[in-house]
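Visitor: I have a model to go through with you. Could we begin with the terms and then turn to the structure?

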Amino acid sequence: MDKIFKAIMDDKENKQYTEQGIEPLYSAPKAAKIAIIGQAPGIIAQETKIFWNDRSGLKLREWLGVDNDTFYHSDQFAILPMDFYYPGKGKSGDLPPRKGFANKWHQPILETLSELEIMILVGQYAQNHYLGKSKKKNLTETVKHFEDYLPDYFPLVHPSPRNQIWQKKNPWFEEQVVPQLQKRVARLLK
């Protein structure tokens, strides 16, 4: 893993971050059974060097049914954003992850995770990358039909506070999807 980390830091495409002393933000413990594939670290996560360290992270842990200690210290969760660096601010939120980043770095990391049983795909970027043509016509339909992607993948909407309107329009998510996610996570953590 140290070789991969160094290779990411040395990659010319990440030079601007390395020169500023910013390290890639991901986690890949060998014992991980669950991989969380998200968008990219937010500015708070990058500054504190703690992934999912914001309101979105609180909501994600609630959906997973785990506490902070389990999420951060159990070695059961790998965290692989689609980009390991904060992409910057756009007009309506953070910019998208850089294209090609996950193509380059996810596979070498995933190959080290021999205990991995499921990848939780948080948001459209992760779903587009990992589900490809098998995803439904939109994120809502993909999440609604999460069972179609089991046992390998579990698609979720992003837990951002910006998605509260989506959650209110789609009460089935909290009623049906979240309990299934929590059951699956609890079973894997036993």
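Guide: Contact means heavy atoms within 4.5 Å. This is a predicted model, in which local features need pLDDT of at least 70, side-chain atom pairs count only at pLDDT 80 or more, and totals for chains, interfaces and linings use all residues. Residues are numbered from 1 along each chain as its sequence is written, and side-chain values use heavy atoms, with hydrogens and water left out.

Visitor: Which residues does R184 touch, leaving aside those up to four places away in sequence?
Guide: R184 touches I118, L150 and F154.

Visitor: And where does R184 lie?
Guide: R184 lies in helix 10; helices are DSSP runs of H or I with at least four residues, numbered from the N terminus.

Visitor: How many residues has helix 10?
Guide: Helix 10 has 18 residues, 172-189, and spans 25 Å from first to last C-alpha, close to the expected 26 Å. The expected span is 1.5 Å times one less than the number of residues.

Visitor: Which residues of helix 10 are buried?
Guide: W172, F173, V177, V178, L181, V185 and L188 are buried, that is, under 20% relative accessible area with a 1.4 Å probe, protein chains only.

Visitor: At what angle do helix 4 and helix 10 pack?
Guide: Helix 4 (residues 55-64) packs against helix 10 at about 75°, with the axes 7 Å apart. Axes are lines fitted to C-alpha atoms over the stretch in contact, and angles run from 0 to 180 degrees between N-to-C directions. Helix 4 is therefore roughly perpendicular to helix 10, a term covering 65 to 115 degrees.

Visitor: Which residues in helix 4 meet helix 10?
Guide: K59, E62, W63 and L64 meet F173, E174, V178, L181, Q182 and V185 in helix 10.

Notes:
Helices (H or I, at least four residues) and strands (E, at least two) are DSSP runs, numbered from the N terminus. Buried means under 20% relative accessible area, exposed over 50%, partly exposed in between (1.4 Å probe, protein chains only). Angles under 35 degrees count as roughly parallel, over 145 as roughly antiparallel, 65 to 115 as roughly perpendicular and the rest as oblique.
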